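Hi,

Here is the structure I promised to pass on.

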Amino acid sequence: KNSSPAQCEFYQAVEEVLESLEPILENSEKYKKNAIIQRLVEPERQIMFRVPWVDDEGNIQVNKGYRIEFNSALGPYKGGLRFHPSVNASIIKFLGFEQIFKNALTGLPIGGGKGGANFDPKGRSDAEIMRFCQSFMSELYRHIGPTTDVPAGDIGVGAREIGYLFGQYKRLTGRYEGVLTGKSLLWGGSLVRKEATGYGAVYFADYMLQARGDSLQGKRCLVSGAGNVAIYAMEKLYQMGATPVSCSDSRGTVYHESGIDLNLIKCLKEQSRDCLSVYKKTHPDAIYISAIDYPKDGHAVWRFNATAAFPCATQNELTQADANALLSGGCLLVSEGANMPSTKEAIDCFIAAKIAYGPGKAANAGGVATSQLEMAQNASMQSWTFEEVDEKLKQIMKNIFVTANDTATEFGEPGNLLLGANIAGFRRVADAMIEQGVV
Ligand code: NDP
């Protein structure tokens, strides 16, 4: 911490994991003897690079690009690329660190990595997005490959960006191979990948409720975000008989008592790329709260009453005050579609209240798991049906739930899925590192 005080998100993620690992570290000499913690917190490789590009007015713009290849004990580095102005070394490092445990928890052969740039795609033309992606890939291509490092999408990187990145990779290498996931269905993508993170977070929520003799049927749910994860979480909630009543973007929150109009959100976010304030034009009965009017100690979206909450936007979007508001509003379940959306204090409230709490590295692992299914289809030159992939996704989410739940019980904290997920993910990756020697 002292040698690099600016990495606050990274330290937050490490502290959360290390606290959960205390019960296993206390009783196992082998992890200490093999310096596993010291090795785990240090990325195998961090790449930072200049991304110069020319905007539509002919001005030269320069952004910072990142790729962190954190841990390859279980397979090729796997993790998304984030294009957002807030991106910095700490954010990419925390995301890469989380990815190690998440990927281990899926049981699939994938290591942990993450990347991105402090580029703001908002308001940029298609041609500008393409030139940016081409410049970004002009450096990244030399570090990635289908058996070494396979990036995917994340905030600000969807099918359009993956297309431009892939095109440039192919031009530079002359190779048509599964080097990125989240590709278009026209040329190597997998059915269900687009939906997988949101669907997976809802499947995970349902498994948590089933274990408590309950279900999602009839539940009112708060959702944050209005991007890839939030949209498909809302779609699956409707399919499972629940009602999503909110969503948000970086400028504000929509609350719609009778249920969010999902077709409208898809139009606004997947086609016209509009902001959510437009929602009220079609639905005057909905409430829109602008970000400038949010409570000082948190986020407006968590201040409505509901039985379940699905944070699907970004890190630290749910504070202690938000957690207390959720609990007093009758919330029984939190399933994290986003990465590290709840602050440490908020998580402590959920654990103390013993509600069903699904940490991001378990609840949102459906995205990366389906990316691995895309890699498997690319490598075997096959395409599976929607039903086949969806069934595999459901099974993977179930396995993740059972693994985290059983591990929590094994370590004397039944129902504490944070502890269970961290220990189970850690055990798999740490044991693989030990078997592979000091490398
Ligand atoms: P998108 O870019 O599709 O959507 C992100 C949404 O969150 C948008 O509505 C965006 O609003 C909002 N948002 C982003 N940053 C902020 C911010 N700083 N403050 C408030 N709102 C913000 O990204 P995804 O849906 O793909 O990702 C959402 C979360 O899920 C991230 O934490 C990501 O790491 C995680 N995740 C994603 C996976 C995937 O498969 N895509 C897999 C696993 C985790 P606006 O459009 O106005 O910026």
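Below is what turned up around the ligand and around one glutamate.

A quick word on the basis: this is a predicted model, where local features need pLDDT of at least 70, side-chain atom pairs count only at pLDDT 80 or more, and totals for chains, interfaces and linings use all residues. Residues are numbered from 1 along each chain as its sequence is written, and side-chain values use heavy atoms, with hydrogens and water left out.

Start with the ligand. There are 24 residues around it, and Lys122, Asp154, Thr197, Ser250 and Asn339 come nearest (a residue counts if one of its heavy atoms lies within 4 Å). Lysine 122 has a polar side-chain atom 2.7 Å from a ligand oxygen, while for arginine 193 a side-chain N or O atom sits 2.9 Å from an oxygen of the ligand. Valine 229 uses its backbone instead: an N or O atom there is 2.9 Å from a ligand oxygen.

As for where the shell comes from, domain 1 (41–190) and domain 2 (194–358) each give at least three residues; those bounds come from an automatic or database domain assignment.

Now the glutamate. Glutamate 235 is buried, at 15% relative accessible area (buried means under 20%, exposed over 50%, partly exposed in between, with a 1.4 Å probe and protein chains only). Setting aside neighbours within four places in sequence, glutamate 235 is in contact with Glu195, Tyr199, Leu262 and Lys266, contact meaning heavy atoms within 4.5 Å.

Enjoy exploring!

Conventions:
Polar contact = N/O pair within 3.5 Å; in protein donor to acceptor, adjacent residues only side chain to side chain.
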